[in-house]
Amino acid sequence: MYREIAFHGVYVPTMTLIFFVAAVLAWALGALFNGVDLYRFFWHPALLRLSVFTCIFGALALTVYR
Amino acid sequence: MMALLQLKRRLASLEPRRNLVEWINNEGFTAIYLFKVLVASFLTLWLAMRLELPQPSTAITTVFIVMQPQSGHVLAKSIYRFIGTLVGSAFMVFLMAMFAQQTDLFLAGLAIWVCICSTGAARNRNFRAYGFVLAGYTAVMVGLPVVSHPDKVFMAAAWRVLEITLGIICATLVSATLLPRTASASMRNTLYQRFGNFAEFVVAGIRSTIDQKAFESGNVRFIAEAVNLEVLRSITIFEDPHMRRRNGRLNRLNSEFMAITTRFNALHQLIERLRHRGGESVALAIDPGLRELADALEQFAGHSLTPADAELLALRTQTYKAGLPEHVRHQRSALMQINPGANDLLDFHTAYELLYRFVDELHSYALTHSSLADHSHAREKWDEPFMPQTNWMAAIAAGLRSAFVLLFLSTFWILTTWPSGAAMTLVSALTVGLSAFSTNPKRMSFQIACGTLLAAAIGVFLVFFVYPLIDGFPLLCLVISPVIVLGSYWLVRPQWTGYGLGMLVFFGTSSIPDNMTLYNPYGLINDYIAMVFGMLVCAAAGAIILPPNSPWLLHRLEHDLRRRITFAINAPLKALGSSFESGSRDLLNQAYGLAAGKPMVQRKLLRWMLLVQEIGHAIIELRREQAVLPIHPSYAESQPWRQAIRAMGRALTRLFLKPTQGHFNRGLAAVEHAIDCAQRTEEPFASHFDTSVLRRIGSYLHFIRTSLLDPQSPLSEYASLVESKE
């Protein structure tokens, strides 16, 4: 994949876009988790959410930089 | 965290170590907070330098401002800070595009913008106010430094947004993941304890072991707690998905709690009056019912109410409520044997009507509270939000004050062409903004100025004597950490907030090295002098221009409070109960804060508030009863009792807009006329209090009458004249 994407004539790093995509995905997953009350099985929900976001972002970023 | 708790428990078992446990509870959490501030600010500083942002100081200042002991606050503040920064920067770019060559117009536009934002800040509660403050001063911070290079404003705005975003992200991450202390936990605590306090209050009130002073202070506490819980609720929905699922129920719980406190005040007022008036026979007839309730509630007094306890409470109130009609009939027949007067009978009915409603609402509250244990629940559906109510005058006063300060200082700057004028104007905009939503802007500005002075002394010393000697990032952290720790410590002490804010923010903006470090002693010292001068002007403005604790403003607030009656009479009936309750509580809470240090004024305000709530609540009940009347000729709109109630509404409106002897007499006559009409109307149903509408209406009308005649009410001077004439 390209490392930069032209967006209305401005070069935007693909990573930035991926960051937003990952944030949306993590948010949706979090809402799903909360909907079925899964967070009660975890010790530290905030840390879990951060880690899930990091995993998603990392996995998506690997498609660009590899 | 678990280990810490266990350690605490073990220490608690040792008698001589109690002090240590207390220390862990208070200072230990502060220590954790300070540690988190340090971690977050160093992380931000390092990243900002590493990413070569032009002003790492902005990023680190963001961390100082955003960091709070509880992670929910940090999240809420961050989100509003981000929005405020975006709006402010966008406005600045626009303003610069319009008036780049006209400094006068440019500064005037800026003053108007700051005026609008400060008004918004004073008008809103919680962190939305903070968003407004930021929109105001970000515009100033972006624009003024580059006022002579208009072409740079766009990049300045873009960098600023990036720096602030970095600061926000680091602060949020650290505060949410590193030894978190959630706002939802503290909210749960407040919620659970509040009911315990209330139960204690009710038991003491029923048994008459509470004096007027304790009664008033208890009421003030419940009012403040209702408003604070709303603020906490609006914060926790940012923080905790668990709480977000319960948002509707929390809203409902607060609204129901306000309803039961008002109901209890009404009941208490009636009982006290009966006991003073010497209505022995009636008081004796009511007593058993009350005593039973006090016994049922005693178990909950002073303990926090967990959802399991709430279930028990629901069960208790259920049985009590089921037995009440039978009990009333029994007491009534006993009372009838001694041939009571018409007034006594009305007192008796009113007291039991209030008691029945109180228990009913208590039951509903208990059900909502116990439903908090479930992840989803039918009681979640609730569309009666907390309606804050503020006085526009106070908000506009804050706006005008800041616009004036900005105009004055920028004129001074243009006339003197002082090189540090930009710093002065900038800082004054920041200070008026930050003090706009404090109840005492003068003291706040003065504290910020003192903090800045201290920051200046430390900053000059560090920048010119220490920084040249050190090398590398770790040493820089080591050098600035004492300042950060001291400032953050002050920031979380309510009485010291201003000092901490001034110290952190202005140490951050001026003495943290930028990515291109400048060695300019005269410039820095000049800037600091300009800053302190700008702040002192703000403090003076806070004391002189429309200070919020001036008598006229308190007068306006009192007037607003009385106007709530008009609201109860005229506003649409949907969700009226909770918006009436929350609005009047919000008003009183503000007025009470502004009148701090004037106990006479506070007392008067509270009395008005209690009267307005009792009468307003009764009026709302009257309107509700009339809205669901069965179709029958004796309930028709044209019936004399309905016309009399409408006339009473008009008379009460006039009385509360302008309390005079004449209006009072007319209001009282209207209420008595309505009671008379209601009593003379024939009804198709048996006249039991659970079936007869007119008897309930009679009770509410009678209650309004007793409230008007209450010797504790602010109308008592007129009431005593009426009674002496009789």
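Analyst: Helices (H or I, at least four residues) and strands (E, at least two) are DSSP runs, numbered from the N terminus. With that in place, Ile396(B) can be located in helix H15 of chain B. This is a predicted model, where local features need pLDDT of at least 70, side-chain atom pairs count only at pLDDT 80 or more, and totals for chains, interfaces and linings use all residues. Residues are numbered from 1 along each chain as its sequence is written, chains are lettered from A and ligands numbered from 1 in the order in which they are written, and side-chain values use heavy atoms, with hydrogens and water left out.

User: Is Ile396(B) buried, partly exposed or exposed?

Analyst: Ile396(B) counts as partly exposed because its relative accessibility is 38%. Buried means under 20% relative accessible area, exposed means over 50%, and partly exposed lies in between (1.4 Å probe, protein chains only).

User: Which residues make the nonpolar surface patch?

Analyst: Trp392(B), Met393(B), Ile396(B), Leu400(B), Leu546(B) and Trp552(B) make a nonpolar patch of about 540 Å². Patches are made of residues with over 30% relative accessible area and no salt bridge; like charges are joined within 9 Å, and nonpolar side chains (Val, Leu, Ile, Met, Phe, Trp, Tyr) within 5 Å. Accessible areas come from the Shrake-Rupley method with a 1.4 Å probe, and for residues only the protein chains shown count as cover.

User: Which helix gives the largest share of that patch?

Analyst: Helix H15 of chain B, residues 392–416, contributes the largest share, with 4 residues.

User: Changing topic, how many salt bridges are there over all chains?

Analyst: The structure holds 13 of them over all chains. A salt bridge is a side-chain nitrogen of Lys or Arg within 4 Å of a carboxyl oxygen of Asp or Glu.

User: What does the salt bridge of Asp360(B) and Lys321(B) look like?

Analyst: The two side chains meet at 2.9 Å, N to O. Asp360(B) lies in helix H14 (residues 342–371) of chain B and Lys321(B) in helix H13 (residues 307–336) of chain B, so the pair ties together parts that are 39 residues apart in sequence. Asp360(B) is partly exposed at 27% relative accessibility, whereas Lys321(B) is buried at 18%.

User: How far apart in helix H14 of chain B are Glu353(B) and Arg357(B)?

Analyst: They are 4 residues apart, which means a separation of about one helical turn. Their salt bridge has its closest N and O atoms 3.0 Å apart, and Glu353(B) is buried at 1% relative accessibility.

User: And what about Arg585(B) and Glu581(B)?

Analyst: Arg585(B) and Glu581(B) also form a salt bridge, with the closest N and O atoms 2.5 Å apart. Both lie in helix H22 (residues 576–594) of chain B, 4 residues and about one helical turn from each other. Arg585(B) is buried, with a relative accessible area of 2%, and Glu581(B) is buried with 2%.

User: Which residues are linked in a network of salt bridges?

Analyst: Glu216(B), Arg603(B) and Arg607(B) are linked in this way.

User: Finally, in what order do the elements of chain A run?

Analyst: From the N terminus on, the order is β-β-α-α, which gives 2 helices and 2 strands. The C-alpha trace of chain A spans about 45 × 25 × 15 Å along its principal axes. Of the 66 residues of chain A, 24% count as buried.
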